[in-house]
Amino acid sequence: MPMMACGQTKTDWRTEYEKSNYTRTGRYDEAIGYCNRLAAASHGRARVIQWGVSPQGRPLIALVMSSERAFNPKAELRSNKPLIVINNGIHSGEIEGKDAGLILARDILINRKLVSLLDRVNILFIPVFSVDAHERFGAYNRINQNGPQEMGWRATAVNLNLNRDWMKADGEEMRAMLRLLHAWKPDFFFDNHTTDGADWQYTIQIDVPVAQTLAAPCVQWSRGMLDVVIPKVEKDGYLTSPYFDNVDYNNLQRGLTISDFGPRYSTGYLAAMNRPSMLVETHMLKPYRTRVEATYSINLHVIEYAAVHASELKAANRAADSADAATRPGDKVVLVVSTTDQERPFTFRGLKYQPYRSEITSSMIPAWSRDPVDTPTTMRDQYEPSLTVQAPAGYAIPPQYKEVIDRLELHGFVTSRLKQPLSARFDSFRFEKVTFPPEPFESRFQPRFTSVPIQEERTLPTGTVIVSTAQVGAKLLIQLLEPDAPDSLLHWGLLNTVFEQKEYFEAYAMEPIAAKMLAENPILKAEFETRLKDPAFAANRRARLQFFYERSPYADAQLNKYPIVRLTSEQLK
């Protein structure tokens with residue numbers, strides 16, 4: 001859809017992007033100033049809010065557009081209109097969403113050709129999320145990308161990728177974002193990006209969650225939206241496809257696979273929040289102007305659909321929240337899905353593939369002509385649950401695990417604290433085959449382990465945090481606290497000390513104890529003799545004594561055990 005040109009008038013409303021003949025993007029100060037100008041000229045339909053401060057001290061701002069002046073969370077929650085959040089610059093080198101959004105806001109508030117949208121929806125536009133990264137400005141930040149002339153950087157000032165940070169919330173920007181989302185409770189969320197990868201005809205790839213990890217009413221609304229929106233975007237001239245995994249141009253007959261994003265990513269997190277969302281990935285080799293206009297087109301058409309189907313969107317979200325709040329012990333909760341082998345016909349809209357041999361590596365380097373090539377193939381985009389857990393009545397987190405408790409507060413959960421110790425037999429886990437990678441990922445060393453359910457007597461101290469699953473966000477809570485969930489706080493390394501042995505034996509102290517245990521316990525002796533059949537174990541004198549140490553009263557009873565327990569209904573009371 002062609003965007004409204006804004007020529008030189010008494011007030012010049014052109015952005016840096018437009019003034020530069022669509023080749024540049026402005027600095028963050030321009031975005032702040034432009035949003036302030038829009039709000040001032042909006043006749044009360046818009047306001048700039050500050051929702052945080054970056055690590056380098058820059059304000060995190062948003063432009064809220066609302067004809068009923070729902071400019072704070074309380075007013076928004078009273079509104080019958082859905083709130084649409086448009087997020088840009090989580091990767092600040094991928095910045096066309098900022099320029100598209102500024103023009104969209106102008107077309108709503110100044111040109112007023114789209115002002116009627118505000119009769120049915122409220123909009124919260126975030127020009128740049130990762131603002132410090134945006135100001136790491138340069139021409140050489142995105143080697144694979146065709147413009148703008150200069151852009152921001154992928155990671156924050158402390159080198160965190162915010163689109164891996166939704167669950168662990170290490171970044172100050174992300175912590176502010178979580179407070180914003182859980183206060184405002186949006187009804188739909190855009191995350192605008194630029195993709196990487198191979199070359200093809202598509203201008204846009206999208207991910208809209210429709211798997212079992214999103215509540216069924218939200219899936220139904222999302223599918224209806226896609227059926228209407230995608231033809232309109234393509235009519236505007238922007239060929240669109242699902243966000244498929246790596247394409248093998250050497251063997252397109254293998255087909256294409258669509259995966260479901262977990263909650264470390266924006267759309268996966270919104271799914272855990274019971275909210276529909278859309279990841280927009282414009283193709284990095286298309287001209288910058290094309291990418292900006294394509295982002296404008298798909299954002300606009302989704303907002304238009306949300307405006308027409310506002311009551312259905314609000315109803316779907318309410319139904320999903322009500323189901324969460326009614327979570328009961330034993331309810332099955334899908335945490336992870338896998339793509340099935342089920343295929344459907346699909347025509348891949350590619351380009352003529354012309355790889356050439358590298359003089360540097362002697363390997364074949366991918367390359368394409370501009371000649372379109374349509375290849376009949378297949379697509380796999382159906383899902384089945386691959387990790388399902390039964391919900392407990394709640395969880396108890398000992399008070400010393402402050403990082404975990406802090407994250408629960410950031411993610412918006414209602415909690416309470418024990419006023420006196422509680423002793424009982426609790427469900428929890430112990431961990432076997434624990435290993436760690438040699439390098440950190442996103443600042444964290446992520447443990448790998450096999451979890452084993454256990455029941456044991458424990459005493460929860462005064463101050464232990466209790467969190468019930470019978471609340472809005474139950475699925476997100478379970479994603480955070482179930483050890484096997486791939487993006488649990490345990491998997492992200494927030495409880496790594498539970499895997500560390502702190503006391504050790506000397507051989508002279510352990511040898512007589514081991515000899516006594518061996519002489520008095522025939523079952524233990526048989527187990528030890530079986531272990532001796534392993535040559536590596538038999539050759540390791542320390543491992544032999546460790547075998548007995550681990551079974552002695554001197555062993556650390558808390559080592560490799562999950563300090564968080566699952567609560568029954570009776571224990572929760």
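Is Asn 161 buried or exposed? Let's start there, and then we'll look at some rings and a pair of helices.

Quick background before the answer. This is a predicted model, where local features need pLDDT of at least 70, side-chain atom pairs count only at pLDDT 80 or more, and totals for chains, interfaces and linings use all residues. Residues are numbered from 1 along each chain as its sequence is written, and side-chain values use heavy atoms, with hydrogens and water left out.

So, Asn 161 is buried, at a relative accessible area of 7%. Buried here means under 20% relative accessible area, with exposed over 50% and partly exposed in between, using a 1.4 Å probe and protein chains only. You'll find Asn 161 in the loop between α5 (131-134) and α6 (172-184). Helices are DSSP runs of H or I with at least four residues, strands are runs of E with at least two, and both are numbered from the N terminus. Leaving out residues up to four places away in sequence, Asn 161 touches His 91, Arg 154, Ala 155 and Glu 442; contact means heavy atoms within 4.5 Å. Its side chain also reaches the backbone nitrogen of Asn 163 at 2.9 Å.

Okay, rings. There are 34 aromatic pairs in the structure. Rings of Phe, Tyr and Trp (its six-membered ring) pair if their centres lie within 6.5 Å; planes under 30 degrees apart are stacked, over 60 edge-to-face, and the rest tilted. Take Phe 429 and Tyr 562: they're edge-to-face, 6.3 Å centre to centre with 65° between the planes. Phe 429 is in strand β18 (residues 422-435) and Tyr 562 is in the loop between α16 (541-549) and β21 (565-567), so this pair ties together parts 133 residues apart in sequence. Both Phe 429 and Tyr 562 are buried.

Phe 528 and Phe 537 have ring centres 6.1 Å apart and planes at 75°, so they're edge-to-face too. Those two, Phe 528 and Phe 537, are both buried. And there's an aromatic cluster made of Trp 200, Tyr 202, Phe 244, Tyr 249, Phe 348, Tyr 353 and Trp 368.

Last stop, helices. The axes of α9 (residues 288-308) and α10 (residues 310-325) come within 4 Å and cross at roughly 85°. That makes α9 roughly perpendicular to α10, a label for angles of 65 to 115 degrees, where under 35 is roughly parallel, over 145 roughly antiparallel and the rest oblique. On the α9 side, the contact uses Ala 306, Ala 307 and Val 308, and on the α10 side Ala 310, Glu 312 and Leu 313.

Conventions: Polar contact = N/O pair within 3.5 Å; in protein donor to acceptor, adjacent residues only side chain to side chain. Axes fitted to C-alpha atoms, helices over the stretch in contact; angles between N-to-C directions.
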